[in-house]
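The sequence and the model come first.

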Amino acid sequence: MQNIWYKNAVFYCVDVETFMDGNGDGIGDFKGLTDRLDYIAGLGATCIWLLPFFKTPNRDNGYDISDYYSVDPRLGSLGDFVNFMQLARERGLRVIIDLVVNHTSIDHPWFQEAVKDENSPMRSWYLWSKEKPHNAHEGMVFPGQQETTWTWHEEAQAYYFHRFYDFSPDLNPDNPDVREEIQKIMGFWLELGVSGFRMDAAPFVIESLKEEYRFQRHYEWLEDMRAFMSWRRGDAALLAEANVTADEVPDYVGEGDRMNLMFNFIVNQRLFLCLARNQATELRKVMRTLPSMPLRAQWANFLRNHDELDLGRLEPEELEECFRAFAPDESMRLYGRGIRRRLASMLDNDRKRLELVFSLLFTLPGSPVIWYGDEIGMGDLQNLPDRFPVRTPMQWSAEENGGFSAAPADKLVRPVISKGPFGFDKVNVQHQRRDRQSLLNWVEAASRVRRESPELGWGELTVLDAGTEAVLAHTMKWQEGRMVLLHNFSPKPQKVRLEGLDEDVGSMHDVYCDQSYDGEDKMDPEKPISLNGYGYRWMRTDGTRR
């Protein structure tokens, strides 16, 4: 049977250029990342997800790729990557990388050849039109920064299509040669040891252009990609970035033979709405209607990532609630739908709420994904443009440049946060390692309990009635194990009476929580259970593993 390792994995997302500078030039690199592998392993992560590190003009944080088969020279060499992979394996860490094949850079040799000759085989690798399409103003991923999805190219004497920026022309996946090349890219990095891919912009990767400049999705292409990947490496996994509705999810996972994992945008957006309202109602509703996953598929849960916090599927009034709570200044918002702040700054650096949301991250059905720096409560730099405020260098110590680099400050790839409550002198790994009560040590402990609780990764979800709108109560059951999870979204203490538990539950034991339980070793689920303001409890039922 296939090794379904990702069902109980803890993912840690790293941007190589902002994690650790190993050669003193001001830019993070694979040498620096390799030197910090023990930190990542100690945090409790089991798989590193790397943002794009390929050769690039770097107009879009590396997502505009000019060579899929090489490493950006600023970050190191292929040899440095292979050394990193070897040492990661020695520490029991898997690695997945970004698969950015919806578009390339305009500097990619494929596009350069395509624009030179209309009869070139490379011409059909991209999407062209002699006339500007009537719907060129639709479908822009970055509204406000893009004015069109079709741009005129003087040398090609035609318009080319781009979902994203005009320097990132879309590939044409309807061309079988393009799909074959995507498989070659996957095969190359699988041979170098990666355990899979996070597919950037997954819905666009499987779209073909039809009449009237409309698109059609071909979900069967996902089966081809999965089959090829599994043939090359049987335990490799595909993680889809697909912000889709619940009814579309089965199209992406199939019978467990398409995507292995799906980012849970559905829960993520409702989670922040509930945080804004200090109640769990909307999250309870959406969790009860989540599509069930086949055995070989899994949700990937996240709090924040390298992009804006995308709340675009909320109703307009709900979106405004979240904006008022987490991005009160217009400058903190992006694209009319998102927030460009880190987790700790959105939550006002409130330790109780930070623990609450991390507890949710670790106990929601699926596998948790942590954005680097969130484990120490890093903040953001709002004077940086676009999505860069959440992509500042990792803060390792109170030394110069936060211990990220020995280069002069003006040579850094991006400024380090140096002022205010999130400055590197106050928020850094070194200080938090020495503080037993730090957020870093809390995350390490919670991650350890999470990995020791296969019910959370493999289990079947049941949402319970807690008797109060403030509390989310759910169970996760796997084989003979069952856990009951309680989270209080209100700053006020709550008394919870659980309804919907099986009659044979018996008593429950705390596995992880934010409080003592009055010296009692067992709790009766038929009696009220206390929760502090923003409190949480992970409990295992009697008769299962303790």
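Over the ring of which residue does the charged end of Arg36 sit? The ring is that of Trp396, and the charged end of Arg36 is 4.3 Å from its centre. The model is a predicted one. A second contact of this kind involves Lys7, which lies over the face of Trp458. The table gives both contacts.

| Charged residue | Ring | Distance to ring centre |
|---|---|---|
| Arg36 | Trp396 | 4.3 Å |
| Lys7 | Trp458 | 5.6 Å |

**Aromatic pairs**

A pair of aromatic rings is described by the distance of the centres and the angle of the planes. The structure contains 47 aromatic pairs. One of them joins Phe358 and Trp442: the ring centres are 6.5 Å apart and the planes stand at 55°, so the pair is tilted. Phe358 belongs to helix H13 (residues 351–363) and Trp442 to helix H15 (residues 439–451), so this pair ties together parts that are 84 residues apart in sequence. Phe358 has a relative accessible area of 1% and is buried. Trp442 also counts as buried, at 9% relative accessibility, because the cut-off for buried is under 20%.

Ring pairs also link a cluster made up of Phe30, Phe53, Phe54, Tyr69, Phe81, Phe84, Phe188 and Trp189.

**The sheet**

An open sheet is formed by three strands in the order S15-S17-S16, with antiparallel pairing. Strands S15 (309–310) and S16 (333–334) stand at the edges with a single partner strand each, so one side of each has no neighbour in the sheet. S16 is joined to strand S17 (residues 338–339) by two bridges. Leu334 has Gly338 in S17 as its bridge partner.

Conventions: Residues are numbered from 1 along each chain as its sequence is written. This is a predicted model: local features need pLDDT of at least 70, side-chain atom pairs count only at pLDDT 80 or more; totals for chains, interfaces and linings use all residues. Side-chain values use heavy atoms; hydrogens and water are left out. Rings of Phe, Tyr and Trp (its six-membered ring) pair if their centres lie within 6.5 Å; planes under 30 degrees apart count as stacked, over 60 as edge-to-face and the rest as tilted. Helices (H or I, at least four residues) and strands (E, at least two) are DSSP runs, numbered from the N terminus. Buried means under 20% relative accessible area, exposed over 50%, partly exposed in between (1.4 Å probe, protein chains only). A charge sits over a ring if NZ of Lys or CZ of Arg is within 6 Å of the ring centre and within 35 degrees of the ring normal. Two strands pair if DSSP finds at least two bridges between them.
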